Amino acid sequence: MKTVEQTEGATSLMKYKEEFETICSIIATHRKRVIRVVNNESMSMVWEVGGYVSHKLKTSAWGDGVVRQLSDYIRTKYPAARGWSYRTLYKMVQLYDTYTTASFSALIEETDMTKYGDIVPFETAQIDGKLIVPFEMAQIPNVLFATGWTNHQIILNRCKSDTERLFYMLYAGKEHLENKELLRTIKTDTINSLLGGKDVQSEVMTKTYPTSPLLFKDKVYLEMLGLPLEYKESKLRKEIIAHMKDFILEMGKDFLFIDDEHRVTVGSKTFKVDLLFYHRLLQCMIAIELKTTEFHPKDLGQLEFYLEALDQEERRSNENPSIGIILCKEADMEVVRYALNRSMSPTMVALYKEQLQVGSVIQRSLVEFCKFLKK
C-alpha cells in the first residue's frame, strides 16, 4: 500500500514531468554537441598531423626512422596519450593522401557532399613564437567528420575505392556504427545490398516510400543464428527472436521489434504474422514473413492480406501504410519481378544467407544515398 509521501511524490512528478523532460532534452542535446566537437577536433588533429608528416616524407626531409623517432617523442611528451604508434602515424598520412586526391574531390563534387555537416575551418597556431599554418592550407573535407578516427582506419584498411570509402563513412555516421558493426557492414557488402533495393521492391513501395531503396537491404546475413543444415521456419523464427539485437543491427537500427507470430483476426479466422516490427523513420509497421524455401508468387498474396488486416485493424491515424517483407532463402529474380509488378501494396522480397559471403562492391546509386542523407 502506498504511503501519503509516495502518493504526493507521484502526483508531483506527473505535474512537472513535461518540464523535467524539457530539461533532460536540453542536457542530451548539449552532450551530443560536446561529443561532436571533441570528435571534430580529433579528426582535424589527425588531418593536420597526417598532412605535415606526408609533406616531410614526400620531400625526402624525413624517412621511416624519423617517423619512428616522432612516435617515441610524442609518447614521451604525452605518456597518457594513446594511438601514437608509428604505424598509426602512417595511417594518418594515408588518410591525408587518400582524401586529397583529385578522384576523391571529383566524387565529392559528383555526390554534392561538399557542404556536408558544419564547416570546420583551420585555425593558425603559435609554437615557440612562430606562426604555424596547416600544411598547404589543404581543407579537410567536411564529409570526414561523419564518423570517428577509429572507423576511418577500418575504412582505409578494408575499402578499395573512393566510392566504397565515401559510402561507408556516411553509412557509419547515419547508423552511428561502432567499430565491430562497421566491420560487419563492410563484410556483408552493404553498399550493394542497400543501394540495389529498387530491383526487389514493388512500385507501390517506392512511390509510397521514395527513400525505401536506401533503407532496406535486398540481402541479409544470418550467420549469427548458427542454423543447422536442415531446419523449419519455426526454427528460423525462434533463432531470430533469440538473437534479436544482432538481427536488428543487420536489418537497420530504425527497426523496433513488436511481436512474433503476431495474431490478426479477420472475420472468424485468426492469422499469424511471423515477425512484426515498427520503423521509426518511416513511422509504419513492418510485417516480415519467413520462407526457408524458394520464393513463390502465392507468398506475396498471403503477405498482402496481412498488410490489409494490419492497416484496417491496428494502424493508428498518425502512422503510414504498413510494409511487407518476404525474407526467403532463394528466389528466381524474374519470378520476383513479375510478382511485384502486380503487387498493390508496399512490399519487397529479400534473400537471407546463412553464412557471410564477401562480394565484389559495385556502386549503383551513391548519389541518391547522399541526397537522402542531406534531406
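Helix α5 buries Trp149, Asn151, His152, Gln153, Ile154, Ile155 and Leu156, where buried means under 20% relative accessible area with a 1.4 Å probe and protein chains only. These make up seven of the 10 residues of α5 (residues 149–158), so the helix is largely enclosed by the rest of the structure. Helices here are DSSP runs of H or I with at least four residues, numbered from the N terminus.

The model is predicted, so local features need pLDDT of at least 70 and side-chain atom pairs count only at pLDDT 80 or more, while totals for chains, interfaces and linings use all residues. Residues are numbered from 1 along each chain as its sequence is written, and side-chain values use heavy atoms, with hydrogens and water left out.

Leaving aside residues up to four places away in sequence, Phe369 touches Phe167, Leu170, Tyr171, Lys174, Leu194, Leu195 and Leu214, contact being heavy atoms within 4.5 Å.

Helix α6 also meets helix α7: Tyr168, Tyr171 and Ala172 in α6 are in contact with Leu182, Thr185 and Ile186 in α7. The residues of this contact comprise five nonpolar, one polar and no charged, with Ala, Val, Leu, Ile, Met, Phe, Trp, Tyr, Cys and Pro counted as nonpolar, Asp, Glu, Lys and Arg as charged, and the others, Gly among them, as polar.

Methods:
Buried < 20%, exposed > 50% of the residue type's maximum accessible area, 1.4 Å probe, protein only. Helix = DSSP H or I, 4+ residues; strand = E, 2+ residues; numbered from the N terminus.
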